[in-house]
Amino acid sequence: MCDDAAMQRAVVVGSGPNGLAGAITLARAGLAVRVYEAADRPGGGARSSEATLPGLVHDDASAAHPLAVVSPFFRDLDLGRHGLRFVSAEIELAHPLPGGRAALLWRDLDRTVDHLGTDGARWRHTVGWAARRFDALAGEVFRPILHVPRHPLTLGRFGALAALPASVLARAFRTEEAAALLTGVAAHGFGRLTAPFSSSIGVLLAAAGHVGGWPVAEGGSQAITDALLAELRDLGAEVVTGTHVRSFEALGEPDVCLLDTSPGAAAAILGDRLPARPRRAYRRWRMGPAAFKIDLAVAGPIPWTDPRVARAGTVHVGGTVAEMVEAEAATNAGRLPRRPFVLLGQQDVADPGRRAGDLHPVYLYAHVPNGCEDPTAVDVILDHVERYAPGLRDRIRHVAVTTPADLAARNPNLVGGDIAGGASSGRQLVFRPRIAADPYATGVPGVYLCSASTPPGAAVHGMGGYNAARRALRHLAARGPG
(Lines give C-alpha, C1' and ligand atoms only; values in the text may rest on other atoms or scores of the structure.)
Protein backbone atom coordinates (compact mmCIF):
# COMPACT_ATOMS: atom_id res chain seq x y z
CA MET A 1 0.00 0.00 0.00
CA CYS A 2 2.93 2.34 0.82
CA ASP A 3 6.61 2.00 -0.10
CA ASP A 4 7.66 2.59 3.49
CA ALA A 5 4.83 0.56 5.05
CA ALA A 6 7.31 -1.56 7.02
CA MET A 7 8.53 1.64 8.68
CA GLN A 8 5.06 2.66 9.70
CA ARG A 9 3.48 1.79 13.01
CA ALA A 10 -0.12 0.92 13.85
CA VAL A 11 -1.71 0.61 17.26
CA VAL A 12 -5.01 -1.15 18.00
CA VAL A 13 -6.76 -0.56 21.32
CA GLY A 14 -8.95 -3.53 22.23
CA SER A 15 -8.55 -7.17 21.25
CA GLY A 16 -12.09 -8.26 20.50
CA PRO A 17 -12.70 -9.90 17.12
CA ASN A 18 -12.96 -6.49 15.42
CA GLY A 19 -9.72 -5.26 16.95
CA LEU A 20 -7.88 -8.45 15.99
CA ALA A 21 -9.37 -8.34 12.47
CA GLY A 22 -8.18 -4.77 12.05
CA ALA A 23 -4.74 -5.67 13.39
CA ILE A 24 -4.41 -8.59 10.97
CA THR A 25 -5.48 -6.41 8.03
CA LEU A 26 -2.87 -3.78 8.90
CA ALA A 27 -0.15 -6.35 9.55
CA ARG A 28 -0.84 -8.06 6.22
CA ALA A 29 -0.23 -4.69 4.57
CA GLY A 30 3.22 -4.60 6.12
CA LEU A 31 2.72 -2.30 9.11
CA ALA A 32 4.31 -2.93 12.48
CA VAL A 33 1.26 -3.60 14.69
CA ARG A 34 0.81 -3.56 18.44
CA VAL A 35 -2.51 -4.42 20.13
CA TYR A 36 -3.31 -3.24 23.65
CA GLU A 37 -5.87 -5.07 25.79
CA ALA A 38 -7.02 -3.97 29.24
CA ALA A 39 -7.92 -7.48 30.41
CA ASP A 40 -5.41 -10.18 31.21
CA ARG A 41 -6.71 -12.27 28.30
CA PRO A 42 -7.34 -11.07 24.74
CA GLY A 43 -10.53 -11.82 22.85
CA GLY A 44 -13.26 -9.58 24.22
CA GLY A 45 -16.50 -11.55 23.95
CA ALA A 46 -14.89 -14.44 22.04
CA ARG A 47 -13.57 -16.31 25.06
CA SER A 48 -14.45 -19.50 26.92
CA SER A 49 -14.03 -20.78 30.46
CA GLU A 50 -15.13 -23.47 32.91
CA ALA A 51 -17.83 -21.21 34.33
CA THR A 52 -19.69 -23.88 36.32
CA LEU A 53 -17.87 -27.15 37.01
CA PRO A 54 -14.47 -28.53 35.97
CA GLY A 55 -14.47 -30.03 32.48
CA LEU A 56 -17.53 -28.12 31.25
CA VAL A 57 -16.66 -25.53 28.59
CA HIS A 58 -18.88 -22.44 28.53
CA ASP A 59 -18.60 -19.47 26.18
CA ASP A 60 -18.11 -16.19 28.03
CA ALA A 61 -20.18 -14.08 25.63
CA SER A 62 -20.44 -14.92 21.92
CA ALA A 63 -21.61 -18.47 21.31
CA ALA A 64 -23.16 -19.31 17.92
CA HIS A 65 -21.45 -17.76 14.90
CA PRO A 66 -23.72 -17.53 11.83
CA LEU A 67 -21.93 -14.42 10.56
CA ALA A 68 -18.37 -15.61 11.15
CA VAL A 69 -18.65 -18.38 8.56
CA VAL A 70 -20.07 -16.01 5.91
CA SER A 71 -17.94 -12.96 6.75
CA PRO A 72 -15.74 -11.78 3.86
CA PHE A 73 -12.93 -11.20 6.38
CA PHE A 74 -13.04 -14.72 7.83
CA ARG A 75 -13.47 -16.28 4.41
CA ASP A 76 -10.25 -14.62 3.27
CA LEU A 77 -8.25 -16.23 6.08
CA ASP A 78 -7.24 -19.86 6.44
CA LEU A 79 -7.76 -20.04 10.19
CA GLY A 80 -8.19 -23.78 9.91
CA ARG A 81 -4.41 -24.04 9.81
CA HIS A 82 -4.45 -22.60 13.33
CA GLY A 83 -6.88 -25.24 14.54
CA LEU A 84 -10.19 -23.35 14.16
CA ARG A 85 -13.09 -25.58 13.19
CA PHE A 86 -16.75 -24.61 13.09
CA VAL A 87 -19.27 -27.37 13.80
CA SER A 88 -23.08 -27.42 13.67
CA ALA A 89 -25.84 -29.40 15.31
CA GLU A 90 -28.30 -31.36 13.16
CA ILE A 91 -30.85 -28.56 13.72
CA GLU A 92 -29.35 -25.08 13.63
CA LEU A 93 -32.09 -23.26 15.53
CA ALA A 94 -35.23 -24.15 17.46
CA HIS A 95 -38.03 -21.97 18.78
CA PRO A 96 -40.35 -23.81 21.20
CA LEU A 97 -43.99 -22.73 21.36
CA PRO A 98 -46.87 -23.34 23.76
CA GLY A 99 -48.56 -26.71 23.47
CA GLY A 100 -45.40 -28.76 22.96
CA ARG A 101 -44.73 -27.44 19.46
CA ALA A 102 -41.55 -25.97 18.03
CA ALA A 103 -40.40 -24.13 14.92
CA LEU A 104 -37.13 -25.45 13.54
CA LEU A 105 -34.48 -24.18 11.14
CA TRP A 106 -32.14 -26.52 9.33
CA ARG A 107 -29.25 -25.36 7.18
CA ASP A 108 -31.06 -27.21 4.39
CA LEU A 109 -33.57 -24.67 3.07
CA ASP A 110 -35.80 -27.32 1.49
CA ARG A 111 -36.10 -29.22 4.76
CA THR A 112 -37.02 -26.03 6.61
CA VAL A 113 -39.59 -25.16 3.93
CA ASP A 114 -41.16 -28.60 4.25
CA HIS A 115 -41.27 -28.29 8.03
CA LEU A 116 -43.08 -24.94 7.83
CA GLY A 117 -45.87 -26.43 5.74
CA THR A 118 -48.30 -23.83 4.43
CA ASP A 119 -45.75 -21.10 5.15
CA GLY A 120 -42.91 -22.89 3.38
CA ALA A 121 -43.36 -20.97 0.12
CA ARG A 122 -43.41 -17.64 1.98
CA TRP A 123 -40.24 -18.58 3.86
CA ARG A 124 -38.55 -19.48 0.58
CA HIS A 125 -39.68 -16.17 -0.96
CA THR A 126 -38.27 -14.06 1.89
CA VAL A 127 -35.50 -15.82 3.79
CA GLY A 128 -34.71 -18.31 1.03
CA TRP A 129 -34.31 -15.53 -1.52
CA ALA A 130 -31.81 -13.75 0.75
CA ALA A 131 -29.91 -17.02 1.24
CA ARG A 132 -29.64 -17.59 -2.52
CA ARG A 133 -28.29 -14.07 -3.01
CA PHE A 134 -26.19 -14.07 0.15
CA ASP A 135 -22.78 -13.52 -1.43
CA ALA A 136 -24.02 -10.39 -3.20
CA LEU A 137 -25.97 -9.33 -0.12
CA ALA A 138 -22.98 -9.76 2.19
CA GLY A 139 -20.95 -7.45 -0.04
CA GLU A 140 -23.54 -4.74 0.67
CA VAL A 141 -24.65 -5.21 4.29
CA PHE A 142 -21.18 -5.73 5.74
CA ARG A 143 -20.34 -2.20 4.63
CA PRO A 144 -21.51 1.23 5.86
CA ILE A 145 -25.06 2.28 4.94
CA LEU A 146 -23.78 5.15 2.78
CA HIS A 147 -22.00 3.50 -0.14
CA VAL A 148 -22.39 2.98 -3.87
CA PRO A 149 -23.99 -0.48 -4.18
CA ARG A 150 -22.47 -3.08 -6.46
CA HIS A 151 -25.71 -5.06 -6.47
CA PRO A 152 -28.43 -2.39 -6.32
CA LEU A 153 -31.33 -4.72 -7.13
CA THR A 154 -30.34 -7.19 -4.42
CA LEU A 155 -29.80 -4.43 -1.89
CA GLY A 156 -33.09 -2.79 -2.87
CA ARG A 157 -35.11 -5.97 -2.40
CA PHE A 158 -33.41 -6.69 0.91
CA GLY A 159 -34.00 -3.10 1.97
CA ALA A 160 -37.71 -3.39 1.28
CA LEU A 161 -37.89 -6.36 3.68
CA ALA A 162 -35.45 -4.93 6.20
CA ALA A 163 -37.31 -1.64 6.54
CA LEU A 164 -40.42 -3.36 7.89
CA PRO A 165 -41.00 -3.73 11.61
CA ALA A 166 -40.51 -7.38 12.56
CA SER A 167 -44.03 -7.44 13.96
CA VAL A 168 -45.35 -6.44 10.52
CA LEU A 169 -43.25 -8.91 8.53
CA ALA A 170 -44.46 -11.66 10.87
CA ARG A 171 -48.00 -11.06 9.59
CA ALA A 172 -46.93 -12.30 6.16
CA PHE A 173 -46.97 -15.81 7.65
CA ARG A 174 -50.10 -17.75 8.43
CA THR A 175 -48.63 -20.13 11.00
CA GLU A 176 -47.37 -19.27 14.44
CA GLU A 177 -44.29 -21.43 13.79
CA ALA A 178 -42.93 -19.43 10.84
CA ALA A 179 -43.86 -16.06 12.34
CA ALA A 180 -42.21 -16.86 15.68
CA LEU A 181 -39.12 -18.36 14.04
CA LEU A 182 -38.35 -15.19 12.08
CA THR A 183 -39.36 -12.81 14.89
CA GLY A 184 -37.12 -14.65 17.34
CA VAL A 185 -34.15 -14.12 15.03
CA ALA A 186 -35.08 -10.45 14.67
CA ALA A 187 -35.02 -10.12 18.46
CA HIS A 188 -31.22 -10.46 18.30
CA GLY A 189 -31.22 -6.73 17.58
CA PHE A 190 -32.29 -5.98 21.21
CA GLY A 191 -34.67 -3.29 19.91
CA ARG A 192 -38.42 -2.87 19.83
CA LEU A 193 -39.89 -5.34 17.35
CA THR A 194 -42.48 -2.77 16.29
CA ALA A 195 -39.78 -0.34 15.11
CA PRO A 196 -38.89 0.21 11.43
CA PHE A 197 -35.88 -1.82 10.26
CA SER A 198 -36.25 -4.35 13.09
CA SER A 199 -36.75 -7.04 10.42
CA SER A 200 -33.26 -6.47 9.01
CA ILE A 201 -31.28 -8.66 11.36
CA GLY A 202 -34.02 -11.30 11.31
CA VAL A 203 -33.88 -11.79 7.54
CA LEU A 204 -30.08 -11.57 7.47
CA LEU A 205 -29.35 -14.04 10.28
CA ALA A 206 -32.06 -16.49 9.19
CA ALA A 207 -30.66 -16.43 5.64
CA ALA A 208 -27.14 -16.94 7.01
CA GLY A 209 -28.46 -20.05 8.74
CA HIS A 210 -29.26 -21.53 5.33
CA VAL A 211 -25.83 -20.61 3.96
CA GLY A 212 -23.31 -21.51 6.65
CA GLY A 213 -25.56 -22.59 9.50
CA TRP A 214 -25.44 -21.33 13.08
CA PRO A 215 -22.24 -23.15 14.06
CA VAL A 216 -20.11 -23.04 17.19
CA ALA A 217 -16.34 -23.09 17.40
CA GLU A 218 -15.08 -26.52 18.35
CA GLY A 219 -13.64 -26.32 21.85
CA GLY A 220 -15.32 -22.99 22.58
CA SER A 221 -15.36 -19.48 21.15
CA GLN A 222 -11.88 -19.08 22.63
CA ALA A 223 -10.71 -21.09 19.60
CA ILE A 224 -11.62 -18.13 17.37
CA THR A 225 -9.47 -15.77 19.40
CA ASP A 226 -6.63 -18.29 19.58
CA ALA A 227 -6.64 -18.67 15.79
CA LEU A 228 -6.66 -14.90 15.22
CA LEU A 229 -3.80 -14.48 17.69
CA ALA A 230 -1.82 -17.21 15.94
CA GLU A 231 -2.33 -15.40 12.63
CA LEU A 232 -1.10 -12.18 14.21
CA ARG A 233 1.99 -13.89 15.59
CA ASP A 234 2.78 -15.25 12.14
CA LEU A 235 2.61 -11.67 10.85
CA GLY A 236 4.98 -10.42 13.53
CA ALA A 237 2.42 -8.36 15.46
CA GLU A 238 2.50 -7.89 19.22
CA VAL A 239 -0.37 -8.18 21.71
CA VAL A 240 0.04 -6.51 25.11
CA THR A 241 -2.50 -7.50 27.80
CA GLY A 242 -3.23 -5.95 31.18
CA THR A 243 -2.82 -2.43 29.79
CA HIS A 244 -5.77 -0.06 30.01
CA VAL A 245 -5.20 2.75 27.52
CA ARG A 246 -6.67 5.97 28.91
CA SER A 247 -5.08 8.60 26.68
CA PHE A 248 -3.87 8.86 23.11
CA GLU A 249 -0.57 10.30 24.31
CA ALA A 250 0.25 6.95 25.92
CA LEU A 251 0.32 5.35 22.46
CA GLY A 252 3.33 7.30 21.29
CA GLU A 253 1.92 8.92 18.13
CA PRO A 254 1.40 5.91 15.83
CA ASP A 255 0.91 6.44 12.10
CA VAL A 256 -2.58 4.95 12.37
CA CYS A 257 -4.71 3.80 15.28
CA LEU A 258 -7.85 1.65 15.55
CA LEU A 259 -10.08 1.88 18.62
CA ASP A 260 -12.08 -1.27 19.33
CA THR A 261 -13.92 0.55 22.10
CA SER A 262 -17.26 2.13 22.85
CA PRO A 263 -17.77 5.66 21.47
CA GLY A 264 -17.64 7.03 25.00
CA ALA A 265 -14.27 5.36 25.66
CA ALA A 266 -12.97 6.66 22.33
CA ALA A 267 -13.94 10.20 23.32
CA ALA A 268 -12.12 9.80 26.65
CA ILE A 269 -8.96 8.44 25.00
CA LEU A 270 -8.81 11.13 22.31
CA GLY A 271 -9.74 13.99 24.63
CA ASP A 272 -9.21 17.44 23.17
CA ARG A 273 -7.89 15.99 19.91
CA LEU A 274 -11.45 14.96 19.02
CA PRO A 275 -13.30 17.58 16.93
CA ALA A 276 -16.49 19.01 18.38
CA ARG A 277 -19.00 17.21 16.13
CA PRO A 278 -17.79 13.62 16.69
CA ARG A 279 -17.20 14.43 20.37
CA ARG A 280 -20.87 15.37 20.77
CA ALA A 281 -21.99 12.28 18.85
CA TYR A 282 -19.79 9.91 20.87
CA ARG A 283 -20.86 11.37 24.19
CA ARG A 284 -24.53 11.22 23.21
CA TRP A 285 -24.29 7.60 22.08
CA ARG A 286 -27.05 5.66 23.82
CA MET A 287 -26.45 2.19 25.18
CA GLY A 288 -29.17 -0.40 24.73
CA PRO A 289 -30.69 -3.20 26.82
CA ALA A 290 -28.42 -5.64 28.59
CA ALA A 291 -27.78 -9.35 28.67
CA PHE A 292 -28.33 -11.22 31.93
CA LYS A 293 -26.26 -14.38 31.54
CA ILE A 294 -26.72 -17.69 33.31
CA ASP A 295 -24.52 -20.76 32.81
CA LEU A 296 -25.84 -24.11 33.95
CA ALA A 297 -24.37 -27.53 34.57
CA VAL A 298 -27.25 -29.89 33.75
CA ALA A 299 -27.44 -33.62 34.35
CA GLY A 300 -28.50 -35.09 31.02
CA PRO A 301 -30.07 -33.15 28.17
CA ILE A 302 -32.72 -30.49 28.79
CA PRO A 303 -36.22 -32.11 28.94
CA TRP A 304 -37.90 -30.02 26.22
CA THR A 305 -41.61 -30.63 25.65
CA ASP A 306 -40.80 -31.07 21.96
CA PRO A 307 -37.86 -33.53 21.98
CA ARG A 308 -36.60 -32.22 18.63
CA VAL A 309 -35.46 -29.04 20.41
CA ALA A 310 -32.79 -31.11 22.17
CA ARG A 311 -31.14 -31.62 18.75
CA ALA A 312 -30.70 -27.88 18.12
CA GLY A 313 -27.53 -25.93 18.78
CA THR A 314 -29.36 -22.67 19.54
CA VAL A 315 -32.80 -22.25 21.11
CA HIS A 316 -34.86 -19.06 21.22
CA VAL A 317 -37.10 -19.13 24.28
CA GLY A 318 -39.41 -16.30 23.35
CA GLY A 319 -42.85 -17.79 22.96
CA THR A 320 -45.32 -16.27 20.52
CA VAL A 321 -44.81 -13.16 18.42
CA ALA A 322 -47.06 -11.19 20.76
CA GLU A 323 -45.04 -12.30 23.78
CA MET A 324 -41.74 -11.31 22.14
CA VAL A 325 -43.10 -7.93 21.09
CA GLU A 326 -44.28 -7.30 24.64
CA ALA A 327 -40.99 -8.48 26.18
CA GLU A 328 -38.76 -6.35 23.96
CA ALA A 329 -40.98 -3.30 24.51
CA ALA A 330 -40.70 -3.73 28.28
CA THR A 331 -36.95 -4.22 28.15
CA ASN A 332 -36.45 -1.09 26.06
CA ALA A 333 -38.70 0.82 28.45
CA GLY A 334 -36.48 -0.17 31.39
CA ARG A 335 -38.68 -2.90 32.88
CA LEU A 336 -37.81 -6.54 33.49
CA PRO A 337 -40.30 -8.51 31.35
CA ARG A 338 -42.46 -11.16 32.90
CA ARG A 339 -41.27 -13.51 30.15
CA PRO A 340 -38.02 -12.09 28.76
CA PHE A 341 -36.56 -13.16 25.44
CA VAL A 342 -33.93 -15.82 26.15
CA LEU A 343 -31.21 -17.13 23.87
CA LEU A 344 -30.13 -20.59 25.03
CA GLY A 345 -27.07 -22.38 23.70
CA GLN A 346 -26.72 -26.16 23.66
CA GLN A 347 -23.23 -25.97 22.14
CA ASP A 348 -22.36 -29.48 23.25
CA VAL A 349 -24.95 -30.89 20.83
CA ALA A 350 -22.57 -29.94 18.03
CA ASP A 351 -19.41 -30.15 20.14
CA PRO A 352 -19.67 -33.07 22.62
CA GLY A 353 -16.15 -32.40 23.89
CA ARG A 354 -17.57 -29.59 26.01
CA ARG A 355 -19.37 -32.09 28.27
CA ALA A 356 -18.03 -33.89 31.33
CA GLY A 357 -19.61 -37.32 31.53
CA ASP A 358 -23.38 -36.85 31.79
CA LEU A 359 -23.05 -33.19 32.73
CA HIS A 360 -24.00 -30.77 29.94
CA PRO A 361 -22.94 -27.10 29.80
CA VAL A 362 -25.92 -24.85 29.05
CA TYR A 363 -25.43 -21.22 28.08
CA LEU A 364 -28.23 -18.69 28.19
CA TYR A 365 -28.82 -15.01 28.44
CA ALA A 366 -31.99 -12.96 28.66
CA HIS A 367 -32.72 -9.48 27.38
CA VAL A 368 -33.09 -7.18 30.39
CA PRO A 369 -32.92 -3.39 30.92
CA ASN A 370 -29.48 -1.81 30.81
CA GLY A 371 -27.79 -2.16 34.18
CA CYS A 372 -30.54 -4.44 35.52
CA GLU A 373 -29.75 -5.85 38.97
CA ASP A 374 -33.24 -7.13 39.78
CA PRO A 375 -32.84 -9.89 42.41
CA THR A 376 -35.74 -11.83 40.87
CA ALA A 377 -34.13 -12.02 37.43
CA VAL A 378 -32.65 -15.51 37.78
CA ASP A 379 -35.98 -17.04 38.83
CA VAL A 380 -37.89 -15.10 36.15
CA ILE A 381 -35.52 -16.37 33.44
CA LEU A 382 -35.39 -20.00 34.60
CA ASP A 383 -39.18 -20.10 35.10
CA HIS A 384 -39.59 -18.93 31.50
CA VAL A 385 -37.30 -21.68 30.19
CA GLU A 386 -38.98 -24.30 32.37
CA ARG A 387 -42.28 -23.40 30.73
CA TYR A 388 -40.96 -25.26 27.66
CA ALA A 389 -38.73 -27.71 29.54
CA PRO A 390 -40.60 -28.83 32.69
CA GLY A 391 -38.26 -30.55 35.11
CA LEU A 392 -35.17 -28.61 34.07
CA ARG A 393 -34.56 -27.23 37.57
CA ASP A 394 -34.39 -30.77 38.98
CA ARG A 395 -31.48 -31.51 36.64
CA ILE A 396 -29.42 -28.40 37.41
CA ARG A 397 -26.25 -29.22 39.34
CA HIS A 398 -24.61 -25.79 39.30
CA VAL A 399 -25.57 -22.22 38.40
CA ALA A 400 -23.18 -19.39 37.52
CA VAL A 401 -24.76 -15.94 37.20
CA THR A 402 -23.23 -13.04 35.27
CA THR A 403 -25.20 -9.83 35.78
CA PRO A 404 -25.00 -6.79 33.50
CA ALA A 405 -22.67 -5.20 36.06
CA ASP A 406 -20.42 -8.26 35.92
CA LEU A 407 -20.30 -8.08 32.12
CA ALA A 408 -19.32 -4.40 32.26
CA ALA A 409 -16.66 -5.06 34.89
CA ARG A 410 -15.07 -7.75 32.73
CA ASN A 411 -15.26 -5.75 29.51
CA PRO A 412 -15.55 -1.93 29.64
CA ASN A 413 -17.08 -1.94 26.14
CA LEU A 414 -20.19 -3.64 27.54
CA VAL A 415 -21.55 -0.54 29.24
CA GLY A 416 -24.39 -1.52 31.55
CA GLY A 417 -24.24 -5.06 30.16
CA ASP A 418 -25.05 -3.98 26.57
CA ILE A 419 -23.45 -6.63 24.34
CA ALA A 420 -24.74 -5.08 21.10
CA GLY A 421 -22.58 -1.94 21.12
CA GLY A 422 -25.42 0.51 21.61
CA ALA A 423 -29.17 0.86 21.32
CA SER A 424 -30.62 -0.47 18.06
CA SER A 425 -33.31 2.13 17.75
CA GLY A 426 -33.98 5.36 15.92
CA ARG A 427 -31.05 6.90 14.11
CA GLN A 428 -28.59 4.56 15.82
CA LEU A 429 -30.09 1.54 14.09
CA VAL A 430 -29.06 2.90 10.69
CA PHE A 431 -26.20 5.31 11.36
CA ARG A 432 -23.52 3.92 13.68
CA PRO A 433 -21.92 5.68 15.51
CA ARG A 434 -22.86 8.96 13.81
CA ILE A 435 -24.11 10.32 10.50
CA ALA A 436 -20.96 10.56 8.40
CA ALA A 437 -19.66 9.53 4.99
CA ASP A 438 -17.00 7.51 6.82
CA PRO A 439 -18.52 6.14 10.05
CA TYR A 440 -15.14 4.74 11.18
CA ALA A 441 -13.33 8.10 11.03
CA THR A 442 -13.10 9.88 14.36
CA GLY A 443 -12.10 13.23 12.88
CA VAL A 444 -8.57 12.76 14.24
CA PRO A 445 -6.29 12.03 11.25
CA GLY A 446 -5.33 8.37 11.13
CA VAL A 447 -7.58 7.33 14.05
CA TYR A 448 -10.59 5.09 13.41
CA LEU A 449 -13.31 3.53 15.56
CA CYS A 450 -13.88 -0.17 14.79
CA SER A 451 -16.04 -1.66 17.56
CA ALA A 452 -19.57 -3.12 17.49
CA SER A 453 -20.77 0.49 17.60
CA THR A 454 -19.68 0.80 13.95
CA PRO A 455 -21.10 -0.92 10.85
CA PRO A 456 -22.08 -3.66 10.46
CA GLY A 457 -22.72 -3.91 14.20
CA ALA A 458 -22.36 -6.65 16.81
CA ALA A 459 -21.45 -10.32 16.28
CA VAL A 460 -18.24 -12.15 15.49
CA HIS A 461 -17.51 -11.25 11.87
CA GLY A 462 -14.49 -8.94 12.10
CA MET A 463 -15.88 -6.60 9.47
CA GLY A 464 -15.84 -3.48 11.65
CA GLY A 465 -12.12 -3.94 12.18
CA TYR A 466 -11.46 -4.91 8.59
CA ASN A 467 -13.37 -1.93 7.17
CA ALA A 468 -11.71 0.51 9.57
CA ALA A 469 -8.26 -0.87 8.74
CA ARG A 470 -8.92 -0.42 5.05
CA ARG A 471 -9.80 3.22 5.73
CA ALA A 472 -6.55 3.57 7.67
CA LEU A 473 -4.52 2.14 4.80
CA ARG A 474 -6.17 4.55 2.38
CA HIS A 475 -5.24 7.39 4.72
CA LEU A 476 -1.60 6.29 4.64
CA ALA A 477 -1.65 5.98 0.87
CA ALA A 478 -3.12 9.49 0.50
CA ARG A 479 -0.61 10.91 2.95
CA GLY A 480 2.27 9.43 1.01
CA PRO A 481 5.78 8.48 2.22
CA GLY A 482 6.98 10.14 5.41
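This is a predicted model: local features need pLDDT of at least 70, side-chain atom pairs count only at pLDDT 80 or more; totals for chains, interfaces and linings use all residues.
## A buried arginine

Arg47 is buried (under 20% relative accessible area, where over 50% is exposed and in between is partly exposed, with a 1.4 Å probe and protein chains only), yet Arg47 has no salt bridge. A salt bridge requires a side-chain nitrogen of Lys or Arg within 4 Å of a carboxyl oxygen of Asp or Glu. Residues are numbered from 1 along each chain as its sequence is written, and side-chain values use heavy atoms, with hydrogens and water left out.

Arg47 is located in the loop between strand E2 (32-36) and strand E3 (48-49); strands are DSSP runs (E) of at least two residues, and helices are runs (H or I) of at least four, numbered from the N terminus. A polar atom of the Arg47 side chain lies 2.8 Å from the backbone oxygen of Arg41.

## A positive surface patch

On the surface, Arg277, Arg280, Arg284 and Arg427 form a patch of positive charge. Such a patch is made of residues with over 30% relative accessible area and no salt bridge, with like charges joined within 9 Å; the place of an Arg charge is taken as CZ.

Helix H12 (residues 276-284) contributes the most to this patch, with three residues. Arg280 belongs to helix H12 and counts as partly exposed because its relative accessibility is 42%.

## Separations along the chain and in space

Ser425 lies in the loop between helix H17 (404-410) and helix H18 (427-430). The C-alpha atoms of Ser425 and Gly191 are separated by 6.0 Å, although the two residues are 234 residues apart along the chain.

Thr243 is placed in the loop between strand E9 (238-240) and strand E10 (256-259). Thr243 and Ile435 are 192 residues apart in sequence, and their C-alpha atoms are 31 Å apart in space.

## Backbone geometry in the loops

A cis peptide bond, with omega of about -5 degrees, joins Arg432 and Pro433. Pro433 lies in the loop between H18 and strand E16 (447-449). Another cis peptide bond joins Pro455 and Pro456, with omega of about 5 degrees.

The loop between E16 and helix H19 (463-479) holds Pro456, and Ala459 is found in the loop between E16 and H19. Ala459 is not a glycine, but its phi is positive, near 115 degrees.

Key
Patches are made of residues with over 30% relative accessible area and no salt bridge: like charges are joined within 9 Å, nonpolar side chains (Val, Leu, Ile, Met, Phe, Trp, Tyr) within 5 Å. Accessible areas come from the Shrake-Rupley method with a 1.4 Å probe; for residues, only the protein chains shown count as cover. Lys and Arg count as positive and Asp and Glu as negative; His and the chain ends are not counted. A polar contact is a pair of N or O atoms within 3.5 Å; within protein, one must be able to donate a hydrogen and the other to accept it, and residues adjacent in sequence count only if both atoms are side-chain atoms.
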